[in-house]
Protein chains: 2
Amino acid sequence: MMMTDNNASDHLHSELILRPVGVVRSKLKEPSLTAGEDDLESDHDMEGVMKDARKIRGMLSEIVIDSRFDGILDGLEHFSHIMVLYWPHRVPDEKRGLIKVHPMGRKDFPLVGVFATCSPVRPNPILITAVELVERRSNTLKVRGLEAVDGSPVLDIKPYNPHYYFVDDVRVAEWMKRAIQEKTRK
Amino acid sequence: MMMTDNNASDHLHSELILRPVGVVRSKLKEPSLTAGEDDLESDHDMEGVMKDARKIRGMLSEIVIDSRFDGILDGLEHFSHIMVLYWPHRVPDEKRGLIKVHPMGRKDFPLVGVFATCSPVRPNPILITAVELVERRSNTLKVRGLEAVDGSPVLDIKPYNPHYYFVDDVRVAEWMKRAIQEKTRK
């Protein structure tokens, strides 16, 4: 790879520091996927993983923003949906080097690059979900459909802006199409 | 805020380290918004900002993933759209404490909490856009509609998974509705 811009090259080797802004409070205590020696692993069988995913869809959880950010949520109550960025804190740091995985740890899915999956094990493990904002009360947000386990550090909250996130007419890989069908099945 | 879970409390005060995985190559050389003393600022007038936004919608740019991640994009070519997470490197670190801003630096919009906006100035400045994946060639992705300026460090790439990101029937704040109408106007 040619790097003609020294400034960009510098950035590539720098470290960027994040500090959590809050925490997730959820009935969900254990992640459904963990990092194995060289792939994702699940404690449940395939049907169990899919059952969990369906349950989470309607589940309520809370996001508690730290009091040093008082006021930073003002105006968020005018949005029906928000993007939640959080850190999968149960993934050990030394697993961040994984390059390829079976999506959701399922060996019936093809082995693909981590960036072609939603794996929690990735170089910069930032997970994102669009969730329904049910209620804002001061520094606490009640949301529906958040997959984050209890105690997950929250990195950022954004309003769901259709200009940036809404994509109609999307085409996904065959394995993901199957996974979504199984997840949303009644 | 009560913190009954010591573990979560620890996480709230820890630092999380990110390392860029690649860089954006774009014709866009200057961000349209910068951080002023106590609000966002723009070099352009309001009409200029909106004209830029409309131009970006159809613009092609490249994302070059560093060679130490060879293979991490394998399978991404089966998706029509991807989520790009990047770092607004032109925002000085000391501005990350801003709590309230006028969205897009526009004084005709209400002063709201940073988490109710898409401001690049935020505690953990991670920006996200869903873009069309036009082509993948080895470690380079050609995408359409990425607002990131040239040289922006890339943090993560994810496939656009409708299960996580697609929201229909979304309600947004009045100011954002106006901004989107102005941006998408022919």
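Two strands are said to pair if DSSP finds at least two bridges between them.

The structure is a predicted model. In chain A, six strands close into a barrel in the order 2-5-10-9-6-11, with antiparallel pairing. From one strand to the next, the twist averages 45°. One of the pairings in chain A is that of strand 6 (residues 81-86) with strand 11 (residues 153-159), which run antiparallel and are joined by five bridges. Within this pairing, Val84(A) has Ile157(A) of strand 11 as its bridge partner.

Chain B also has a barrel: six strands close in the order 2-5-10-9-6-11, and the pairing is antiparallel. Neighbouring strands of this sheet are turned against each other by 45° on average, direction ignored.

| Strands of chain B | Sense | Bridges | Example pair |
|---|---|---|---|
| Strand 2 (residues 22-25) and strand 5 (residues 60-65) | antiparallel | four | Val24(B) and Ile63(B) |
| Strand 5 (residues 60-65) and strand 10 (residues 140-144) | antiparallel | five | Leu60(B) and Arg144(B) |

## The nonpolar core

The largest nonpolar core has 100 residues. Which residues have the most contacts inside this core? They are Val84(A) and Val84(B). The surroundings of Val84(B) can be listed: apart from residues up to four places away in sequence, Val84(B) touches Ile63(B), Thr129(B), Val131(B), Val143(B), Leu146(B), Val154(B) and Ile157(B).

## Where the two chains meet

In chain B, 70 residues are in contact with 70 residues of chain A. Several elements of chain B each supply at least two residues of the side that touches chain A, namely helix 1 (6-12), strand 1 (16-18), strand 6, strand 8 (112-113), strand 9, strand 11 (153-159), helix 3 (162-165) and helix 4 (174-184). The largest share of this side, six residues, comes from strand 11 of chain B. By class, the side of chain B that touches chain A has 43 nonpolar, 16 polar and 11 charged residues.

The chains are also linked by strand pairing. Strand 1 (residues 16-18) of chain A and strand 1 of chain B run antiparallel and are joined by three bridges. In this pairing, Leu16(A) stands opposite Leu18(B).

Helix 4 (residues 174-184) of chain A has the buried residues Trp175(A), Met176(A) and Ala179(A). Seen down the axis of the helix, these buried residues fall within an arc of 95°, so they line one face of helix 4 of chain A. The face turned away from the buried side carries the exposed residues Glu174(A) and Gln181(A). What covers the buried residues of helix 4 of chain A includes strand 11 of chain B.

## Residues in the loops

Pro103(B) is found in the loop between strand 7 (100-101) and strand 8 of chain B. Is Pro103(B) buried or exposed? Pro103(B) counts as buried because 24 C-beta neighbours lie inside 10 Å, and the cut-off for a buried residue is 20 or more. Leaving aside neighbours within four places in sequence, Pro103(B) is in contact with Phe109(B), Val112(B), Thr117(B), Trp175(B) and Ala179(B). Pro103(B) and Met176(B) are 73 residues apart in sequence, and their C-alpha atoms are 8.4 Å apart in space.

Two residues of chain A call for a remark on the backbone angle phi. Most residues other than glycine have a negative phi. Met104(A), a residue other than glycine, has a positive phi near 60°. Asp169(A) is not a glycine either, and its phi is positive at about 60°.

Met104(A) lies in the loop between strand 7 (100-101) and strand 8 (112-113) of chain A, and Asp169(A) lies in the loop between helix 3 (162-165) and helix 4 of chain A. Met104(A) counts as buried because it has 23 C-beta neighbours inside 10 Å. Asp169(A), with 6 C-beta neighbours inside 10 Å, counts as exposed.

How values were computed. Residues numbered from 1 in each chain as written. Chains lettered and ligands numbered in written order. Predicted model: local features only at pLDDT ≥ 70, side-chain atom pairs only at ≥ 80, totals over all residues. Core = buried A, V, L, I, M, F, W, Y, C linked by C-beta atoms within 7 Å. Buried ≥ 20, exposed ≤ 12 C-beta atoms within 10 Å, placed from the backbone. Contact = placed C-beta atoms within 7 Å. Axes fitted to C-alpha atoms, helices over the stretch in contact; angles between N-to-C directions. Nonpolar A, V, L, I, M, F, W, Y, C, P; charged D, E, K, R; others polar. Arc of directions from axis to C-beta.
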